[in-house]
Every structure is written in C-alpha cells, then in structure tokens.
Amino acid sequence: MRKIYFVCFLFMLNGLFAQKKDKLNPIAVYEKVWQEKNSDARLKLIKSIWLDDSTFEDPSASIKGQAALNNVINEFYKKFPDAVLTSGAKVVKDNYVTWEWKIIDGKKKEPIMGGRDFARLNGKGQVSKIIGFWNTEVTLSDAEVLQNLEADNYKVVAQYYECLFKTRDFVKMAALIEDGAVYSQAEGLPYGGTYVGFNEWTKMYAKSTEFFDLEIEKEPTYFSDATKNEVIIYFTIKCKAKKSGKYLSMPISEHFDLKNGKITAIRPFYFDTKQFAEFLKNRK
C-alpha cells in the first residue's frame, strides 16, 4: 500500500512540474523575443505567444498588439545594438509569473538597465499582459565583473599569441603591451634575461631566432585567475636547432600578468630548461 501511495505522490509531483514548465514556456519564448535582433524572425516568435490585445507596459512604453511590441524592441536595439539580456529565476503563482532581469552592453561589458517583470498568462500558452519595473541603480555583480574581466584577458593573450607565432605582426602586438612591461626569460637560455619594455622584447625575439626555428605542435590551452589578472597558457613547441639541425618537442607554459586590458609581464616556463639550453647550443 505504501508503494502505491509513493507512486501516486511521484505522479502528482511530475504533474505539478509539467504544469509549471508549460506555464513558463511562453515566458521562455518571450525572453527569446528580446534576444532576437532580426525583426522578421522576432515577429514570428511574438505571434506564437502574443495576442492582438496583449499589452506591454514599462516606463518607456504602453502598447498593445504584436506589431507594436516588435516596434518597441526594434527601437531598443537601434539605441543599444550590443545589448545582451540575462534573467533570474521565475516565481510562478496561478497564472502570474515574475522574475528579475538585467541588460548588459556586450562590447563595453557595462550594465544598461535592469528591473523586474510581472506577466499574466491566459492559461493557453500565451501572454496577456507584461508590466516592467526598472531598477535605475542596476550594477554588475562581482561574479559578472570577474567573468567579463576573464573574457577580456583571454582575448588579449590570444591576440598576443596570434601576433607572435602566426602573423608576426609586431605593430599590432605593441598595442597589447603596457609601457615598461617585463619579460623574464630563463637565465640558462642563450637569450635569457629580463627585458623591460616592448623594444627590448623585440630584441629578445630577434636573438632567439638566431638559435632555432619554431613551430607550434599543440595549440594552447588557457587558464585564468581573474582575481589576480593572470592568464596561463599551456602549449607544445617543436624546434629545429640551427647549430645542430636536430629537432626537439617540448611543453611550455607562459604566465601573463595584465592590467587595464594590457600585458604587464610574461614569464615562460620550459618543461626542461637545461635540456632546451643544451639543445640550442650543441653543434653535434
């Protein structure tokens, strides 16, 4: 008997979850509407959950109907072309749903606006009314700030890697390097030492080419600690020593320090610095 009650209880729970999911479906589509920047594609989405007499109200607009909602969103993207919408958990009660949302400038990584929406559903998979309340003091959370910083730092390091190993574009690379940035090469290498400023870095690059030709055997994997403004890349190089003509493959990690979107220091670590130094110097 207990098993029967338990099965019935699970059946009821599944039914409740299914009802909630069904209720949230028009809200999920509504959020896709705001994420769709193509007007025609957006209007198709709107028509699937929005009625001719559905209304939308917020501090900037009070409108009714499908075309009117599409026009509101069109005007929004004209003003904020790089806007990205994020939203929080949904609270459902009867045919009402409420949730918090935030809109970020995807390029500047800055908040545009935030607030809370209240939606009334018609019970048939469509939205009858949405009222939006704005929060004029919206800010990025600490986690969002770190996430954006990490993404920006990855981008800078990836551009540096591309310039150094692929395009040899030192003009573009120079723009990524902070004045007085420090490059610390292992002292045991024939081009080892501490180089301060990008002009000195280029001398080190030129000196290194006197000893070997290099190709990337395994593209880098990226790691990051945004709280320290640090990025680490791990990759494998294949070198041909110019003195001996021999080849050597070796893993390397490079540690980057960054500040305000520029590289301030690089410290490469070789799997076996002594072996690499001997490989470069050996004439046999």
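Predicted model: local features only at pLDDT ≥ 70, side-chain atom pairs only at ≥ 80, totals over all residues.
Trainee: What happens at glycine 123, in the hairpin of β6 and β7?
Mentor: That hairpin has 5 residues between the strands. Glycine 123 takes a positive phi there, near 80°.

Trainee: Which way do β1 and β7 run, parallel or antiparallel?
Mentor: Parallel. Strand β1 spans residues 50-58 and β7 spans residues 127-135, with 4 bridges joining them. Threonine 55 has lysine 129 as its bridge partner in β7.

Trainee: Where is glutamate 57 found?
Mentor: Glutamate 57 is in strand β1. Its relative accessible area is 29%, so it is partly exposed. Buried means under 20%, exposed means over 50%, and partly exposed lies in between, using a 1.4 Å probe and protein chains only.

Trainee: Which residues does glutamate 57 touch?
Mentor: Leaving out residues up to four places away in sequence, glutamate 57 touches Ser62, Lys129, Ile130, Ile131 and Gly132. A contact means heavy atoms within 4.5 Å. Leucine 69 sits 12 residues along the chain from glutamate 57, and their C-alpha atoms are separated by 9.9 Å.

Trainee: New topic. Which residues in the largest nonpolar core touch the most other members?
Mentor: That core has 40 residues, and the ones with the most contacts to other members are Tyr160, Tyr191, Trp201, Tyr205, Phe256, Ile263 and Phe276. A nonpolar core is a set of buried Ala, Val, Leu, Ile, Met, Phe, Trp, Tyr and Cys residues joined through side-chain atoms within 4.5 Å.

Trainee: Which elements give two or more residues to this core?
Mentor: Among them are α4 (142-167), β10 (212-225), β11 (230-241) and α7 (273-281). There is also a second, separate core of 27 residues, which includes Tyr30, Ile49, Trp50 and Trp101.

Trainee: What does phenylalanine 256 touch?
Mentor: Its contacts, not counting residues up to four places away in sequence, include Val157, Tyr160, Asn229 and Ile263.

Trainee: Where does asparagine 229 lie?
Mentor: Asparagine 229 is in the loop between β10 and β11. Its phi is positive, about 55°, although it is not a glycine. The hairpin there has 4 residues between the strands. β10 and β11 pair in the antiparallel sense over 11 bridges, with tyrosine 222 opposite isoleucine 233 in β11.

Trainee: And arginine 168, what is its phi?
Mentor: It is positive, near 55°, in a residue other than glycine. Arginine 168 lies in the loop between α4 and α5 (170-174). Its relative accessibility is 43%, so it counts as partly exposed.

Trainee: How many disulfides does the structure hold?
Mentor: It holds 0. A disulfide is a pair of cysteine sulfur atoms within 2.5 Å.

Trainee: Last one. How many helices and strands does the protein chain have?
Mentor: There are 7 helices and 13 strands. The radius of gyration is 28 Å, well over the 19 Å that the globule rule gives for 284 residues, so the chain is more spread out than a compact globule. That radius is taken over C-alpha atoms, and the rule is 2.2 Å times the number of residues to the power 0.38. Along the principal axes, the C-alpha atoms fill a box of roughly 85 × 60 × 35 Å.

Terms used
Residues numbered from 1 in each chain as written. Heavy atoms only, no water. Pairing = 2+ DSSP bridges.
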